[in-house]
Amino acid sequence: MPEPCLTATDLGVSVGGRDLLREVSLALEPGTLQVVVGPNGAGKSTLLRLLCGELAPGRGEVRYGGEPVGRIPPWRLAGMRAVLPQAARLAFPFSVAEVARIGLDGIGRGLSRKDRDAILTRALCDADVMHLAGRAYQTLSGGEQARVQFARVLCQLAAGRSIAERQVLFLDEPTASLDLRHQCALLDVAARLARSGVAVVAILHDLNLASAYADRLLVLSSGRLVAAGPPAEVLRDALVADVFGVPWRVGQVSEPGRPFILPRPGVA
C-alpha cells in the first residue's frame, strides 16, 4: 500500500455547542477515487473544507505527506491540492478561457507559454467547454459555468505537477448542475486522474453514480464516519435505509462490486 497523500486523525468541529463533525479519521491514497456520501447536514462539505485546509479543525489534525496542512505555505498547497467548490461567483466580465486560466496563475508562472497554452487547451477539452472559450462567463448556463470551473481546477492540477509530486483533487458536489452526459464525462476525467496517481475525493448525492465510480465510499451521518470501504461492502439495505431514512433495495449489476440502489416507493 503506497504512503497516503493525506491523513486525517480524529477530526472534530463544533459551532455554537453543536458538533458538525466528530472523530473522523481517514487516509487518501494516491491512485484512488473516494466518494463521500450522506444526507444533508451530515458534515460532508465541512469535512472537505478541513481536508483542503480551508477550515481549521477544533480537534484532530490533517497532514499532507506527514506535514500539518496549517504549516504549508499557500503557494505550495496550491500545487499539492485543487478544490472545486459547490459554487463560484465571478463579478468581472471574464471569458471562459480567462476563467480557466486562473488555475495557472502563480504556480504556472514557471512554465513556458507553450506549456501553459497546452494545459489550458487540454483542460477546456476535458471539461467540454473548448467551444465556449471566447464566450463571456456570465452568459453561460449554470451547468456550463460548472464545467468552466472544472477546467480551472484541471489547469491548477496540471500546473501544480511542476512543484508537487503527489496531489489531491477535491470535488464538492461536482455533478449537481450537470446533465447526465456531463456528469459521467466529469467523473470519467476524475477516474482517469485517479488512475494517473492523483488522490481524488468527491462529494456525491447520487448513490448509483457513487457506486459506479468510487474505489471507496465514505458514509457520513450526523457528523460521524459510519462506514468506509468498497461500494459492494458499504451499500447494504440496512445501512442505506438507516443513514438516509428511506427504504431502499440494493441490487447487483453485471460489473462485480458495483451495486445499484433502488428506492421502494410508498414504503415507510
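Is Ser222 buried or exposed, and what is its relative accessibility? Ser222 counts as exposed, at 51% relative accessibility; here buried means under 20% relative accessible area, exposed over 50% and partly exposed in between, with a 1.4 Å probe and protein chains only. Keep in mind that this is a predicted model, where local features need pLDDT of at least 70 and side-chain atom pairs count only at pLDDT 80 or more, while totals for chains, interfaces and linings use all residues. Residues are numbered from 1 along each chain as its sequence is written, and side-chain values use heavy atoms, with hydrogens and water left out.

**View 1. The turn at Ser222 sits in the hairpin of S9 and S10.** Helices (H or I, at least four residues) and strands (E, at least two) are DSSP runs, numbered from the N terminus. Two residues lie between S9 and S10, and Ser222 in that turn has a positive phi of about 50°. That's a positive value in a residue other than glycine. Glu173 also has a positive phi of about 50° although it is not a glycine; look for Glu173 in the loop between S7 and H6.

View 2. Two strands pair if DSSP finds at least two bridges between them. Five of the six residues of S9 (residues 216–221) are buried, so the strand is largely enclosed by the rest of the structure.

**View 3. Four strands make an open sheet in the order S2-S1-S4-S5.** The pairing in this sheet is antiparallel. S2 (18–28) and S5 (67–68) stand at the edges with a single partner strand each, so one side of each is left without a neighbour in the sheet. Seven bridges join S1 (residues 6–15) to S2. In a regular strand the side chains alternate between the two faces of the sheet. Helix H1 (residues 44–51) lies across S1, S2 and S4 (59–64), and runs at about 125° to S1. For that angle, axes are lines fitted to C-alpha atoms, for helices over the stretch in contact, and angles run from 0 to 180 degrees between N-to-C directions.

**View 4. Asp19 has its place in strand S2.** Across the pairing, Ser14 stands opposite Asp19. Asp19 is partly exposed, with a relative accessible area of 33%. Not counting residues up to four places away in sequence, Asp19 touches Val13, Ser14 and Arg59, where contact means heavy atoms within 4.5 Å. Now find Gly223: Asp19 and Gly223 are 204 residues apart in sequence, but 7.0 Å apart in space, C-alpha to C-alpha.

**View 5. The largest nonpolar core has 60 residues.** A nonpolar core is a set of buried Ala, Val, Leu, Ile, Met, Phe, Trp, Tyr and Cys residues joined through side-chain atoms within 4.5 Å. Leu169, Leu171 and Val200 have the most contacts inside this core. Helix H5 (residues 142–160) gives the largest share, nine residues. Leaving aside neighbours within four places in sequence, the contacts of Leu169 include Ala82, Val153, Leu157 and Leu193. There's also a second, separate core of 30 residues, which includes Ala8, Leu51, Val168 and Leu220.

**View 6. Helix H6 (residues 180–195) has 16 residues.** At 1.5 Å a residue H6 should span 22 Å, and its end C-alpha atoms are 23 Å apart, which agrees. The expected span is 1.5 Å times one less than the number of residues. Among the buried residues of H6 are His182, Gln183, Leu186 and Leu193. What covers the buried residues of H6 includes H4 (113–126), H5 and S8 (199–203).

**View 7. Phe92 and Phe94 form a stacked pair.** Rings of Phe, Tyr and Trp (its six-membered ring) pair if their centres lie within 6.5 Å; planes under 30 degrees apart count as stacked, over 60 as edge-to-face and the rest as tilted. By this rule the count comes to one aromatic pair. The ring centres of Phe92 and Phe94 are 5.9 Å apart and the planes are at 25°, so the pair is stacked. Phe92 counts as exposed at 52% relative accessibility, whereas Phe94 counts as partly exposed at 28%.
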